[in-house]
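These are my notes on a first reading of the model.

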Amino acid sequence: MNLDRIDLNLLVYLDVLLREGSVTKAAQQLGITQPAMSNGLRRLRELFSDPILVRTSDGMTPTERAQELQPMIRKALGELEAALQPLEDFDAKISHRVFRIMVSDYAESTLVPELVKRLRNDAPDVILDVLTPSDVTFKDVEAGKVDMAINRFDDMPQSFHQMTLWQDDFVCLVNPNHPLVDQFDLNAYLSSKHIWVSKTGMGAGVGIDPEKVVRLGWVDNALSKLGHKRKISVFTRHYQMPALLAHNNDLVATLPRRVAEMQAESSSLQVKEPPFSIPPFELKMAWSPLLQHHQAHRWLRRTIVDVAQQCK
């Protein structure tokens with residue numbers, strides 16, 4: 001293939017088309033007319049000898065070839081953008097840059113306070129815009145509209161860069177006056193009422209169906225494998241809530257250890273080891289390949305990793 005005959009703008013068109021899944025939305029994103037975007041799609045189909053997007057009952061769906069191309073095109077555009085970045089170093093001490101990071105409630109409780117403390121010292125004029133998983137989508141992160149996503153991810157787009165910040169396990173938070181606190185075995189756990197807390201996915205939240213154990217997460221999946229099910233009385237998406245609710249002496253909150261120990265220290269509650277095995281999880285940060293080589297973003301990543309190491 002003769003690269004001299006290829007309009008590199010077509011690669012940008014392809015990237016946005018696959019991200020948006022719509023000619024109209026892709027045109028709006030690029031600030032061009034819909035006919036111009038349709039013409040771009042036609043040229044892409046000719047270039048790759050593939051339909052790229054086909055209309056199905058779910059809307060415009062990428063072909064298998066398009067799905068194979070997407071991470072390669074995203075990587076190529078990221079490297080091209082890096083080559084065009086100005087060479088001057090990022091100076092955190094004098095920067096007024098706004099960094100937008102999406103964090104889970106768990107990460108907001110454990111990592112963000114220490115990150116803010118570091119920023120006050122190292123980058124006093126940098127502004128941190130903290131978003132929740134319900135505020136953004138993977139497309140926002142992939143497009144570079146959000147600098148970083150920090151969460152427990154079951155899956156993420158192949159094009160994303162990612163790094164594990166730490167691993168955490170689970171413990172139980174109970175009122176010291178809980179009637180079974182001194183014999184906290186599996187029978188005691190199963191006979192108690194429970195507080196469920198989680199919000200790990202991206203996008204707007206939906207109501208929980210207590211009967212669908214597979215949707216309830218690590219704790220309930222582990223119990224289900226033993227043939228048991230806990231009695232959940234309260235569902236919440238905020239890690240600040242369990243410490244308040246666990247003051248009811250008939251409720252048990254099963255939480256990540258970092259959160260539970262922080263809350264027990266300030267709330268006169270007891271931390272108990274769970275009477276069954278629950279797999280640990282990893283807190284990860286993920287970012288768009290478009291930002292991989294950006295000087296300010298590289299500084300942000302180094303800072304977050306350093307803060308996470310200090311928190312261990």
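This is a predicted model: local features need pLDDT of at least 70, side-chain atom pairs count only at pLDDT 80 or more; totals for chains, interfaces and linings use all residues.

Entry 1. I looked up the overall make-up. The secondary structure comprises twelve helices and twelve strands. Along the principal axes, the C-alpha atoms of the protein fill a box of roughly 75 × 50 × 30 Å.

Entry 2. I then looked up burial and surface. Of the 312 residues in the protein, 45% are buried.

Entry 3. I checked contacts between residues at least 6 apart in sequence; 76% of them join residues at least 24 apart.

Entry 4. I turned to helix H2, residues 23-30, and helix H3, residues 34-48. At what angle do H2 and H3 pack? I found an angle of about 110 degrees, with the axes 9 Å apart. Angles of 65 to 115 degrees count as roughly perpendicular, and H2 and H3 are therefore roughly perpendicular to each other. The crossing in which H2 passes H3 is right-handed.

Entry 5. Which residues make this contact? From H2, I listed Val-23, Thr-24, Ala-26, Ala-27 and Leu-30; from H3, I listed Gln-34, Met-37, Ser-38 and Leu-41. Sorted by class, the contact of H2 with H3 has six nonpolar and three polar residues, and no charged ones.

Methods:
Residues are numbered from 1 along each chain as its sequence is written. Side-chain values use heavy atoms; hydrogens and water are left out. Axes are lines fitted to C-alpha atoms, for helices over the stretch in contact, and angles run from 0 to 180 degrees between N-to-C directions. Helices (H or I, at least four residues) and strands (E, at least two) are DSSP runs, numbered from the N terminus. Angles under 35 degrees count as roughly parallel, over 145 as roughly antiparallel, 65 to 115 as roughly perpendicular and the rest as oblique. A crossing is left-handed if the near helix is turned anticlockwise from the far one by less than a right angle, and right-handed if clockwise. Contact means heavy atoms within 4.5 Å. Ala, Val, Leu, Ile, Met, Phe, Trp, Tyr, Cys and Pro count as nonpolar, Asp, Glu, Lys and Arg as charged, and the others, Gly among them, as polar. Buried means under 20% relative accessible area, exposed over 50%, partly exposed in between (1.4 Å probe, protein chains only).
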